[in-house]
Amino acid sequence: MQAFSVKIRLMSLLVALLLLQSCESGEQREYRGNLYFGTGAYLGRLDLRNGNVALLANLGDTAIREVAAFGDDQLLLSVFGPVNHKDTFRLMQYELAGGGLATLLTGRHGRYLPGPEALVFDDGAHLKMRVYGGRAMKESIVTRHRVGASVHILQVSGTGFVYGIDFDTAIHSADVETGESRPLHALSQQCALDGALWIARRDALLCKQRGADGAYKFVSLSGEVLDALDIPGVGRFRAVAHLHDQDALVLTEAWKTIIGGNTRYAVWIYDLSTERMVRLVKDQTLGLHVVYHAN
């Protein structure tokens with residue numbers, strides 16, 4: 001019985017490998033641009049033309065937890081590390097041109113909204129937004145939550161974002177100009193925000209549907225399912241970036257080494273127009289949050 005079970009697992013693995021190899025076969029499209037990512041204390045850049053990785057910064061004993069866009073020429077880093085002998089979450093800005101790194105404020109999960117020049121972030125007990133676009137900086141509380149709760153924030157427009165707190169299924173939308181926040185009940189029934197991406201050209205979230213097979217779906221903010229992605233073995237994949245000018249997704253695939261069973265991550269590109277996948281890098285950790293720059 002045990003030998004039979006081993007054969008079944010080996011056959012399943014062979015089928016999965018054949019499916020993935022078929023995704024890589026044939027004429028491959030060339031991609032361009034860079035992905036910026038954090039892994040441990042290192043900030044890196046991956047060239048989509050060839051898969052080469054460059055190290056941009058080493059933060060020493062400080063870990064990069066998230067990387068987000070901060071305008072066209074900077075990155076917004078959520079980091080965790082010692083400040084005056086106490087580990088603290090901070091938001092830092094990184095200049096792509098000169099490599100300058102500076103601390104902005106104490107907080108985490110930072111997201112920049114260019115419309116009113118606003119910064120949305122979490123201080124550990126409150127989801128807050130700061131608006132810098134007026135004569136004086138204004139800070140307000142979006143919502144309060146238990147200390148240390150898991151928070152997910154996703155920008156959906158120049159002034160708007162959606163957020164979720166902890167493992168509560170409720171997704172809310174908010175706007176930094178109006179200060180209004182409201183629940184999105186229909187969307188909450190369809191989507192989980194963890195791992196979701198906003199696809200502006202489709203005016204929809206790309207998310208893994210709740211209560212189904214975990215397939216990736218395009219879902220409008222009103223909760224309407226617009227389309228689905230056909231990805232073999234979708235459970236191993238996580239969408240981390242949308243190449244907006246090339247209409248393609250970047251996905252990471254978790255896989256285990258034959259010797260030792262260690263988890264590694266491959267980087268794939270899914271072309272939304274042709275529904276074809278190509279593997280860019282076999283073994284490269286990007287983390288959960290990635291920023292794409294077309295230049």
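**Close-up views of a predicted model**

**View 1. Confidence along the chain of the predicted model.** The chain has an average pLDDT of 87, and 89% of its residues reach a score of at least 70. Residues 1-26, by contrast, have a pLDDT below 50, and beyond near neighbours in sequence this stretch has 15 contacts in the model.

**View 2. The antiparallel open sheet formed by four strands.** The order of the strands in this sheet is β8-β9-β10-β11. At its edges stand β8 (108-113) and β11 (138-144), and because each has a single partner strand, one side of each is left without a neighbour in the sheet. From one strand to the next, the twist averages 20 degrees.

**View 3. The pairing of β8 with β9.** Strands of a sheet pair through backbone hydrogen bonds, in either a parallel or an antiparallel manner. Here β8 and β9 (residues 118-122) are joined in the antiparallel sense over four bridges, and Arg-111 has Val-120, in β9, as its bridge partner.

**View 4. Asn-84 in the loop between β5 and β6.** The loop that holds Asn-84 lies between β5 (74-83) and β6 (86-95). Although Asn-84 is a residue other than glycine, its phi is positive, near 55 degrees. With a relative accessible area of 72%, Asn-84 counts as exposed, since the cut-off for that class is over 50%.

**View 5. Glu-275 in the loop between β22 and β23.** Glu-275 is found between β22 (263-271) and β23 (276-281), and this residue, which is not a glycine, has a positive phi of about 60 degrees. The relative accessible area of Glu-275 is 51%, which makes this residue exposed.

Note on methods. Residues are numbered from 1 along each chain as its sequence is written. This is a predicted model: local features need pLDDT of at least 70, side-chain atom pairs count only at pLDDT 80 or more; totals for chains, interfaces and linings use all residues. Side-chain values use heavy atoms; hydrogens and water are left out. pLDDT is the predictor's confidence in each residue, from 0 to 100. Contact means heavy atoms within 4.5 Å. Helices (H or I, at least four residues) and strands (E, at least two) are DSSP runs, numbered from the N terminus. Buried means under 20% relative accessible area, exposed over 50%, partly exposed in between (1.4 Å probe, protein chains only). Two strands pair if DSSP finds at least two bridges between them. Axes are lines fitted to C-alpha atoms, for helices over the stretch in contact, and angles run from 0 to 180 degrees between N-to-C directions.
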